[in-house]
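Dear colleague,

Please find below the structure that I am handing over to you. My notes on it follow directly after the model.

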Amino acid sequence: MGRYDVRKVLRFMVLLVCFVFTVSCCFTKVPPINHAKNVLSASSKVPIDPGAVVFILGKDMEMEGDMSGSAIIIESNKDESWGITAAHVCYPEVMDPWVLRIDMWMMIGLDVNGDVRPIQVLALDTETDVCIFKMPYKSAGVVPLAERMPLIGERVYLGAFPLGVYEPGHVPFFEGFYAGILSGRDSFTIPVAPGSSGGGIVNQKGELIGIVSMAIEGFENITLTANIENIQTLLDVAKKNSDRLTIVR
């Protein structure tokens, strides 16, 4: 019986696999594209309603240039919607204890459809970096607040606009994991960048568990956030004083 050349046999098997793969890919029937259907089916895999994700643009009336951030809608009725973002998105200099010219900072919110609405800030917490605001419209989507934080290793999801990348009909989603407490804050391994600040992180049930606040310098896949307790505390304050701005330091 003749001996086989092992190298030739392996090479033949690799070529055969590549050939089968190429045939299956190149000759598969391509279905007609239905953009509306494709967008819906893609978004349904992530437990965040795209209509609840808001792109924020802010401008200092005394300076040139804009700043962008992200937000999530948590309550809505026929007249208005309440949202949450990071305090440093509502006012970039809010982290400076000596400067708070909130009257000079103007913000607008844009939803998935590209509709533009003014933002009214209701409450700021400079320590936990949380901001509660409202906009005059009924949101197409709402994300409820969770009752507990996830366990370490549980999968989570983020809807945000890193680097200010926004267009109507486009909502970036990211996934990661809850990583526990780091430097006194809840942490997640999920990619972020400037512009992601204020984005809502949800659990697998689609419930809000955190708001993007900051990332580890040099490695922006470890994200520190405000948590459920921080959000609920400021939300209670905002509801008690909804007729005026409340600043918590």
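Leaving aside residues up to four places away in sequence, I132 touches W82, G83, I84, V121, L122, A123, L234, L235 and A238, where contact means heavy atoms within 4.5 Å. I132 is also one of the residues that touch the most other members of the largest nonpolar core, which has 46 residues; the others are I48, I56, I72, I84 and L208. Strand β7 gives the most to this core, with 5 residues. A nonpolar core is here a set of buried Ala, Val, Leu, Ile, Met, Phe, Trp, Tyr and Cys residues joined through side-chain atoms within 4.5 Å. Buried stands for under 20% relative accessible area, exposed for over 50%, and partly exposed for what lies in between (1.4 Å probe, protein chains only). As a general point, nonpolar side chains tend to be buried together in soluble globular proteins.

Please note that this is a predicted model, in which local features need pLDDT of at least 70 and side-chain atom pairs count only at pLDDT 80 or more, while totals for chains, interfaces and linings use all residues. Residues are numbered from 1 along each chain as its sequence is written, and side-chain values use heavy atoms, with hydrogens and water left out.

As to the protein as a whole, it has 4 helices and 14 strands. These are DSSP runs numbered from the N terminus (helices: H or I, at least four residues; strands: E, at least two). Of the 249 residues in the protein, 44% are buried. Among contacts between residues at least 6 apart in sequence, 64% join residues at least 24 apart.

The disulfide

A search of the whole structure finds 1 disulfide, defined as a pair of cysteine sulfur atoms within 2.5 Å. Its partners are C90 and C131, with sulfur atoms 1.8 Å apart. The pair links distant parts of the chain, 41 residues apart: C90 belongs to helix α3 (residues 87-90) and C131 to strand β7 (residues 130-135). The torsion about the S-S bond of C90 and C131 is about -85°, so the disulfide is left-handed. C90 counts as buried, because its relative accessibility is 0%; C131 is likewise buried, with a relative accessible area of 0%.

In α4, the buried residues are I228, N230, I231, L234, L235 and A238. They cover an arc of only 160° around the axis, and therefore lie on the same side of α4; the arc is that of the directions from the helix axis to the C-beta atoms. The face of α4 turned away from this buried side carries the exposed residues E229 and K240.

What does I228 touch, not counting residues up to four places away in sequence? I228 touches L145, A146, E147, R148, M149, L208 and I209. I228 and A146 are 82 residues apart in sequence, yet 6.9 Å apart in space, C-alpha to C-alpha. I228 counts as buried, at 9% relative accessibility.

N227 is placed in the loop between β13 (219-226) and α4, and it is buried, with a relative accessible area of 16%. At the start of α4, a side-chain oxygen of N227 reaches to within 3.2 Å of the backbone nitrogen of E229. The side chain of N227 also reaches the backbone nitrogen of N230 at 2.9 Å, and makes a polar contact with the side chain of D186 (2.8 Å). A polar contact is a pair of N or O atoms within 3.5 Å; within protein, one must be able to donate a hydrogen and the other to accept it, and residues adjacent in sequence count only if both atoms are side-chain atoms.

Two backbone points

D129 has a positive phi of about 65° although it is not a glycine; D129 lies in the loop between β6 (120-125) and β7 and is buried, with a relative accessible area of 2%. L163, also not a glycine, has a positive phi of about 60°. L163 is in the loop between β8 (155-159) and β9 (173-182) and is exposed, with a relative accessible area of 63%.

With kind regards
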